[in-house]
2 protein chains.
Amino acid sequence: MPGAIPASVTRLIDEFSRLPGIGPKTAARLTYYLLRTPDENALALAEALRDLKATTRYCSSCYNITEQDPCPICSDEKRDHEMICVVEEPLDVVAFERTQNYRGVYHVLHGAINPIEGVGPDQLRIKELVARVSQGAVREVIMATNVGLEGDATAMYIHRQLNGLVRLTRLARGLPVGADLEYADSITLSGALEGRQEMHE
Amino acid sequence: MPGAIPASVTRLIDEFSRLPGIGPKTAARLTYYLLRTPDENALALAEALRDLKATTRYCSSCYNITEQDPCPICSDEKRDHEMICVVEEPLDVVAFERTQNYRGVYHVLHGAINPIEGVGPDQLRIKELVARVSQGAVREVIMATNVGLEGDATAMYIHRQLNGLVRLTRLARGLPVGADLEYADSITLSGALEGRQEMHE
């Protein structure tokens, strides 16, 4: 349809379509929405995108995304630097921080081992974790990779690398809050059974 | 959660959340996706956003979004300039062009009359349409506003403005291709019944 859509509109639709979970129809809707709204909206988004990459880097200690190095968590002296929680993604750090229940530090792997997609241990920040632990002052490493094939394989791989160097734990598996036993999948239920704990009054 | 999310990340999440149909979780997912991908991706999107507003304007004849004025459709001499199809949004033009079955020109209203949201006739390009028709050389105006309260009210308003000046038609109402009669809503079915046509061999 030459003529019906200006090139700059097509280009923005294409760029939006590249984002995960955004199809061509959503991309077109977003683009025409921005055309309708004041210039500032599109420009504010453009500027935020530009700044995202310009002002952020990886923390040289935990590899979380940060604007200052080391990141605010790693440079917070009130946190327990002897306890490292190993997660796959920066958003996992956000989830833990939201609990306000973890006072240790993190290590962000930036993915999980996935042979089908060609992600091996070398693409992840695993050797950096081993180096961090080898330096000594770490008491416990909590494996908090996702529950599933890739996350478990990654946890097992790291377990082999760190075995004997440090205390290694992993998050408890079991039923989530609000779960209806009737609908729980059998792997979750098996995990909950295996991890059963003594009841206390 | 100070510390867990850098300010530039929060800002992009906020900007994405402003877009229609994008909630805070999707916004965070998009932002962290862009953080993981090469710089070029975020910058290409930023540039496309900047260009969108810089290079587009409204066609001074049909008010479609365009990079040149008059737009390619209005300046195409092979099209029938005596037939104007009135639509609510630029994306409606795209839908018509996709049929490759319409050779007239368009008029984009940029909305529909909606008293609840405070959109009256003056916010739409209606007086520009009346001016275009009053200049004379128009044979037919096809009302192609959306089917529904706002679109029908807009069509009726324009009908009153243009009555007597020009031939006014509206799109046929009826069952869409692939429709299952059993599940058709009663307004669509009534419209299909009213608009029934003679069968030809």
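How many positive and how many negative side chains does chain A have, and how far apart do the centres of the two sets lie? Chain A has 21 positive and 28 negative side chains, with the two centres 3 Å apart; Lys and Arg count as positive and Asp and Glu as negative, while His and the chain ends are not counted. The place of each charge is NZ of Lys, CZ of Arg, CG of Asp or CD of Glu.

This is a predicted model, in which local features need pLDDT of at least 70, side-chain atom pairs count only at pLDDT 80 or more, and totals for chains, interfaces and linings use all residues. Residues are numbered from 1 along each chain as its sequence is written, chains are lettered from A and ligands numbered from 1 in the order in which they are written, and side-chain values use heavy atoms, with hydrogens and water left out.

**Overall form of chain A**

- Chain A has seven helices and six strands, taken as DSSP runs numbered from the N terminus (helices: H or I, at least four residues; strands: E, at least two).
- The order along the sequence is α-α-α-β-β-β-α-β-α-β-α-β-α.
- The C-alpha trace spans about 70 × 45 × 40 Å along its principal axes.
- Of the 201 residues of chain A, 42% are buried, where buried means under 20% relative accessible area, exposed over 50% and partly exposed in between (1.4 Å probe, protein chains only).

**Helix α4 of chain A**

- In helix α4 (residues 90-99), the buried residues include Pro90(A), Val93(A) and Phe96(A).
- Their cover includes β2, β3 and β4 of chain A, together with α2 of chain B.
- Gln100(A), which follows α4(A), has a positive phi near 50 degrees.

**Salt bridges**

- There are 20 salt bridges over all chains, each being a side-chain nitrogen of Lys or Arg within 4 Å of a carboxyl oxygen of Asp or Glu.
- Lys53(A) forms a salt bridge with Asp39(B), with the closest N and O atoms 3.7 Å apart.
- Lys53(A) lies in helix α3 of chain A and Asp39(B) in helix α3 of chain B, so this pair joins two chains.
- Lys53(A) is buried, at 13% relative accessible area, whereas Asp39(B) is partly exposed, at 39%.
- Arg79(B) and Glu97(B) meet in a salt bridge of 2.9 Å, N to O.
- This pair links distant parts of the chain, 18 residues apart: Arg79(B) is in the loop between β2 and β3 of chain B, and Glu97(B) is in helix α4 of chain B.
- A network of salt bridges links Arg11(A), Glu47(B) and Asp51(B).

Terms used. Contact means heavy atoms within 4.5 Å.
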